[in-house]
Amino acid sequence: MKRINIVGVFPGRPINPEAEKCIMESQVIFSGRRNLELIPQTPAQIFNIGSMKQFTGDLANTLADNKTVTVVASGDPLFFGIGKYITEHYDSGDIYIVPEVSSLQVALSRLGMDASHMVAISLHGREIKGLAQKIRNKRKIAIFTDGNNTPSRIAEYMTSFGLVDYSSYVLERLGYKDESISKYKIKELIGKEFNDLNIMILIKDGNVKISLLDDGVLLRKNNNITKKEIREISVSELDLNNGDTMWDVGSGSGSVAIYASLINPDGNIFAIEKDKALCNFIDENMRKFSTDINIINGEAPEALDGIPDPEAVFIGGSSGNIKNIVKYCYVRLKDGGRMVANITTMENFYAMMNYIKENNLQFDVKQVNISRLKPVSVYTRFEPLDQIYIVKVVKK
């Protein structure tokens with residue numbers, strides 16, 4: 001295999017001499033259609049980059065023929081670009097990269113805005129699900145859009161999660177003669193159409209408030225909720241890493257799943273609840289805290305079939321089926337994964353401990369007693385919450 005060059009180009013800017021040299025020395029060029037007009041004339045064979053599947057196949061076949069290849073990318077090839085695929089699948093010693101400025105750099109230069117603390121998120125070819133918790137505590141956000149995730153759709157999504165206090169800039173066709181920049185409030189974007197070639201910059205108006213969950217503001221059935229103090233201990237026991245997939249089984253009001261999503265914003269959180277009315281509460285509660293988790297209306301363990309294997313499982317309710325749920329979840333748990341169950345009855349505690357001992361699992365148990373100060377007439381006294389056993393299992 002000969003060398004793979006990856007070179008960036010940007011409209012309105014002269015091609016980098018180093019990038020031009022790579023192109024002229026190559027036997028095969030891969031380029032997106034709109035970049036073709038930016039590269040110099042060359043006798044090389046030119047492939048249009050269409051689908052990723054076609055590109056990866058054509059690239060592999062070309063390299064197998066021992067040809068020198070240049071892949072032409074828009075802007076910085078390593079910034080949400082095609083360079084990610086190539087660097088992950090080929091030896092770095094066979095790759096030579098000539099970067100250009102990214103569209104984000106150009107956008108910020110147009111706005112006269114510094115890049116400090118800017119969070120960049122690409123929705124190009126990606127699901128919008130989970131965007132809310134990624135941006136809720138951020139002051140400056142850049143979003144790469146596509147024909148599906150348009151500024152209008154993103155604004156509609158943000159509005160449904162209460163994320164409306166932002167100034168939004170939409171920068172279209174950067175570098176081209178018909179480049180345009182416009183500014184809106186989030187709700188003003190809904191229904192507006194833009195050129196597919198655009199980038200959004202969001203600036204939070206006012207201060208960023210980092211509000212965590214308080215029991216009093218969560219919709220719930222009766223007083224059935226994992227109390228704040230218990231919730232924080234339980235989630236701490238899950239040892240979540242950002243990006244983890246987590247199941248909240250018997251989610252109830254969704255307080256644990258929602259809290260977990262706030263400290264694991266890039267994760268994939270599933271709240272599983274058999275009661276349809278409680279699922280509606282979870283939906284309202286997650287929107288109240290501007291977070292977007294997956295809600296599954298069904299009974300565990302059957303309802304867990306088909307969702308991704310987790311790094312962490314929380315069991316808050318079992319409807320008397322704790323042993324089967326624990327068994328199922330442990331099998332699906334990834335190696336090194338953590339399972340935490342909050343248990344209030346001795347029957348469920350013994351059922352889970354029997355399974356743990358029968359299978360020689362690594363475990364830990366905490367008995368938690370919390371009391372809150374309450375007024376009583378002209379006096380005050382401590383009133384205990386339900387005693388909880390927090391049982392943790394780590395998969396070896």
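Gln45 lies in strand E3, residues 45-48; helices (H or I, at least four residues) and strands (E, at least two) are DSSP runs numbered from the N terminus. The model is predicted: local features need pLDDT of at least 70, side-chain atom pairs count only at pLDDT 80 or more, and totals for chains, interfaces and linings use all residues. Residues are numbered from 1 along each chain as its sequence is written, and side-chain values use heavy atoms, without hydrogens and water.

Gln45 has a relative accessible area of 42%, so it counts as partly exposed (buried is under 20%, exposed over 50%, partly exposed in between; 1.4 Å probe, protein chains only). Beyond four places in sequence, Gln45 touches Gln27, Val28, Ile29 and Lys67, where contact means heavy atoms within 4.5 Å. Gln45 and Ile29 are 16 residues apart in sequence, yet 6.1 Å apart in space, C-alpha to C-alpha.

Now the interior. In soluble globular proteins, nonpolar side chains tend to be buried together. Here the largest nonpolar core has 50 residues. Such a core is a set of buried Ala, Val, Leu, Ile, Met, Phe, Trp, Tyr and Cys residues joined through side-chain atoms within 4.5 Å. Among those with the most contacts inside it are Leu131, Ile143 and Ile154. Helix H9 (residues 255-263) gives this core its largest share, six residues. A second, separate core of 30 residues includes Ala300, Val326, Ala341 and Ile343.

Ile154 touches Leu123, Ile128, Leu131, Ile143, Thr145, Asn149 and Met200, leaving out residues up to four places away in sequence.

Last, Val376. Val376 is in strand E17, residues 371-376. Its relative accessibility is 31%, so Val376 is partly exposed.
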